[in-house]
Amino acid sequence: MLSKQLLWACSMVLALCLGTAPLRAETIQVTIDKMEFSPAQIDVKVGDTIEWVNNDILAHTATAKGGWDVVIPPKKSASMVVRAAGSVDYYCRFHPNMMGRITVSAP
Amino acid sequence: MLTRPIAALAALCLLGVAPLAQAADKPSDPQIAHIAYTAGVIDVEAGKQAIAKSKNKDVVAFAQDMVRDHEAVNVQALDLLKKLKVTPEDNDTSRALIQAAAAERDKLAKLDGAAFDRAYVENEVAYHKQVNGALETLLIPSASNAELKSLLKTGLKIFQGHEQHAEHVAAELK
């Protein structure tokens, strides 16, 4: 029991360190409304978080071909930390007519 | 091997496009609501048949997406109709759609494995194309209530997404 508490304490300290470490990492929001990503194009830096807020009654995904895949349930949000620089086109696997683009610069 | 799905598709086109083309008279909002709701129910039923019959992971996933989306849209449609105090009104177009869907379901019931998967997905492409055509040219322009029109427009975007999704799955099955 004691070790569990210790582990928790350690992870909290670690979380705090990690939380403050990346300087000026931002969270960029993309809203999904009526089958559209808005804004459709965003510019972010490595280490930033992208949060998709789904206002639709349908589940959507933000999917990069051969890369990441984020499922965003209806009326919920989901996020992802950006790992690599470059330009990525993404789409919704369920509705491929929904498209977005992320341009990632070095931190 | 190829002739059967093509023949099935051709038959579907004959059965399926005709009923919507016949509705030359401008449908009323209660009729439009009934047609849109019926079209959704038909695709939910088709999806359930595919989930039960198919062993292909992509086909089952697609069918699950169809059931989930069309059920969600129809719940929203019913909510709107309740709010607007509109009672959906049965009509010839709805009846023809149901008849064509029953024939398609019977046809698909006789197929198995890859033949079923191909026929189901090809029908999904054709069916969404047909419904989207009807939405664009008949149902949306005819709708007089602004909220109903707006829901139909969102529905069109969703079903255009389904059409593309179905095309992707169809391409992978080839």
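**First stop: a cis proline**

Select Pro39(A), which sits in the loop between S2 and strand S3 (41-45) of chain A. Strands here are DSSP runs of E with at least two residues, and helices are DSSP runs of H or I with at least four residues, both numbered from the N terminus. Now look at the peptide bond from Ser38(A) to Pro39(A): that bond is cis, with omega near -5 degrees.

A quick note before moving on: this is a predicted model, so local features need pLDDT of at least 70 and side-chain atom pairs count only at pLDDT 80 or more, while totals for chains, interfaces and linings use all residues. Residues are numbered from 1 along each chain as its sequence is written, chains are lettered from A and ligands numbered from 1 in the order in which they are written, and side-chain values use heavy atoms, with hydrogens and water left out.

Next, pick Lys34(A) in the loop between S1 and S2 of chain A. Lys34(A) isn't a glycine, yet its phi is positive, near 45 degrees.

**Second stop: the sheet in chain A**

Switch to a cartoon view and find the open sheet of 4 strands, ordered S2-S1-S4-S7 in chain A, with mixed pairing. Two strands count as paired if DSSP finds at least two bridges between them. Strands S2 (36-38) and S7 (77-81) of chain A are at the edges with a single partner strand each, so one side of each has no neighbour in the sheet. On average, neighbouring strands are turned by 20 degrees against each other, direction ignored; the axes behind such angles are lines fitted to C-alpha atoms, for helices over the stretch in contact, and angles run from 0 to 180 degrees between N-to-C directions.

Select S1 (residues 27-33) of chain A together with S4(A): they pair in the parallel sense over 6 bridges. One pair to click is Ile32(A) and its bridge partner in S4(A), Asn54(A).

Show both chains. The contact (heavy atoms within 4.5 Å) takes 11 residues from chain A and 16 residues from chain B. Which three residues supply 39% of the area that chain A buries against chain B? Highlight Ile57(A), Phe94(A) and Pro96(A).

How many salt bridges cross this interface? The rule, a side-chain nitrogen of Lys or Arg within 4 Å of a carboxyl oxygen of Asp or Glu, finds 1 between chain A and chain B. To see a salt bridge, select Lys157(B) and Glu36(A), whose side chains meet at 2.9 Å, N to O.

Over all chains, the structure holds 14 salt bridges. For one in chain B, zoom to Lys53(B) and Asp112(B), at 3.4 Å, N to O. Lys53(B) is in helix H2 (residues 29-53) of chain B and Asp112(B) is in the loop between helix H4 (92-109) and helix H5 (113-142) of chain B, so the pair ties together parts 59 residues apart in sequence.

Technical notes:
Buried area is the accessible area (1.4 Å probe) that two parts lose on being put together, summed over both.
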